[in-house]
Amino acid sequence: MKKVILDLDTGIDDALALAYALASPELELIGVTGTYGNVLVDTGVRNALAILELFDRTDVPVYAGVTHASTKDSFEVLPVSEFIHGKNGVGEAVIPDARRQVEDSSAVDFLIESVREHGDDLIIVPTGPSTTIAAAIEQDRSFAENARIIMMGGALTVPGNVSPVAEANVNQDPAASDTLFRTAKDVTMIGLDVTLQTLLTYEETKTWHDLGTVGGDFLGVATDYYIKSYETNSPHLGGCGLHDPLAVAVAVDPTLVETLDINLKVETEGELHGRVIADETRINDPVKTAHVAVTVDVERFLEEFMTRLTGLAKNTAARA
Ligand code: BDR
Ligand code: CA
């Protein structure tokens, strides 16, 4: 089993990523850290705790991360994020608050200690802004040397989704993603290049509604909300992007994608801010620290995704 930590801004596709991890016997989820992004940190942490309880996994600790970009004083949820993920972050699906609380220690300390303890037996999967990961790098330089990271974010060969060049997670804190790409020694980037090819429709969510379980209802209601937002914002796609779950799926099975080895940086200023691009100062460095997914086996991923999540949701309580 591979140990994983998910760094989530939960978020509908973050919730699907969490469900994918819980449904994967290949993974040992040792903790969840919560970032801002689709929602405030507090809301994301609340959602992660509630989802873990829904799927009977109260053994997984949840830690709160940094609340806003280091270049800003605060963070407010963008209207577009609320439109895509709903006010409560999970498409207005109703799930009870967890009976337990977030851990007292910080996400940054948990990440640093976990990398120290487990080294490359551990994979960190960030699916929100890079702020908390960058804070771990700033606090402990050995973190960048030793962490194995598979992150959802960025767009290298396709346009961005919040500007012509910027993807949403990187756009929230370009300086943090720049720190990540310039210093971390092993980063796999699962960006829009591949995640906009992995789409889900109402046909699949019907399977979850038909289960008649609380887990199936949660996945179905939240994902239908997400699909609906895509019908308005990106009707040409014909479904919703399974961004964050694809990153978890690659942690389970790296052969789902083919990658380009490259050294990356992020533009942090001006009109191009948020653009992920090759770092010109390391073009001729034989050591490439980033591995960007450029192709994906869509059919195999979707089959794994549906089998795993449907199995997980089937094992929850019957709908009242
Ligand atoms: C990313 O942005 C967030 O809205 C999603 O949860 C995903 O992590 C896609 O650009
Ligand atoms: Ca996310």
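**Figure 1. Surroundings of A93 in the predicted model.** Apart from residues up to four places away in sequence, A93 touches N88, F218, V221 and A222, contact meaning heavy atoms within 4.5 Å. A93 belongs to the loop between α3 and α4; helices (H or I, at least four residues) and strands (E, at least two) are DSSP runs, numbered from the N terminus. With a relative accessible area of 6%, A93 is buried. Buried denotes under 20% relative accessible area, exposed over 50%, and partly exposed the range in between (1.4 Å probe, protein chains only). The C-alpha atom of A93 is separated by 8.7 Å from that of Y225, although the two residues are 132 residues apart along the chain. Residues are numbered from 1 along each chain as its sequence is written, while chains are lettered from A and ligands numbered from 1 in the order in which they are written. The model being predicted, local features need pLDDT of at least 70, side-chain atom pairs count only at pLDDT 80 or more, and totals for chains, interfaces and linings use all residues; side-chain values use heavy atoms, with hydrogens and water left out.

Figure 2. The ion is coordinated by D9 (OD), D14 (OD), D14 (OD), T127 (O) and D244 (OD), at 2.3 to 2.7 Å. Donors are N, O and S atoms within 2.8 Å of the metal (3.2 Å for Na, K and Ca); water is not among the atoms, so sites may look incomplete. Along the chain, the donors of this calcium ion follow the spacing D-x4-D-x112-T-x116-D. Distant parts of the chain are linked by the pair D14, in helix α1 (residues 12-22), and T127, in the loop between β4 (122-126) and α5 (131-139), which are 113 residues apart. D14 counts as buried at 0% relative accessibility, and T127 is likewise buried, with a relative accessible area of 1%.

**Figure 3. Packing of helix α5.** Buried residues in α5 are T131, T132, I133, A134, A136 and I137. The buried residues of this helix pack against the strands β1 (2-8), β4 and β5 (148-152), and against the helices α4 (107-118), α6 (141-146) and α8 (174-183).

Figure 4. The peptide bond from T10 to G11 is cis, with omega near 0 degrees, and G11 lies in the loop between β1 and α1. D56, in the loop between α2 (41-54) and β3 (62-64), has a positive phi of about 60 degrees although it is not a glycine. At 63% relative accessibility, D56 counts as exposed. E92, in the loop between α3 and α4, is another residue other than glycine with a positive phi, near 65 degrees. E92 is partly exposed, its relative accessible area being 37%.

**Figure 5. The nonpolar cores.** In the largest nonpolar core, which has 70 residues, L18, V32, F218, L219 and F305 touch the most other members. Helix α1 contributes the largest share of this core, nine residues. A nonpolar core is a set of buried Ala, Val, Leu, Ile, Met, Phe, Trp, Tyr and Cys residues joined through side-chain atoms within 4.5 Å. The contacts of V32, residues up to four places away in sequence not being counted, are L6, L8, L18, A48, L52, V60, P61, V62 and Y63. A second, separate core of 31 residues includes I5, A107, L111 and I149.

**Figure 6. Crossing of helices α1 and α13.** The axes of α1 and α13 (residues 298-314) come within 9 Å and cross at roughly 80 degrees. This angle makes α1 roughly perpendicular to α13. Axes are lines fitted to C-alpha atoms, for helices over the stretch in contact, and angles run from 0 to 180 degrees between N-to-C directions; under 35 degrees counts as roughly parallel, over 145 as roughly antiparallel, 65 to 115 as roughly perpendicular and the rest as oblique. From α1, L16, A19, Y20 and L22 meet F301, E304, F305, R308, L309 and L312 of α13. The residues of this contact divide into eight nonpolar, no polar and two charged. Ala, Val, Leu, Ile, Met, Phe, Trp, Tyr, Cys and Pro count as nonpolar, Asp, Glu, Lys and Arg as charged, and the others, Gly among them, as polar.

Figure 7. D261 is placed in strand β9 (residues 257-262) and, at 44% relative accessibility, counts as partly exposed. Residues up to four places away in sequence aside, D261 touches K288, A290 and H291. S229, in helix α11 (residues 214-233), is buried, with a relative accessible area of 3%. Beyond its neighbours within four places in sequence, S229 is in contact with F83 and I84.
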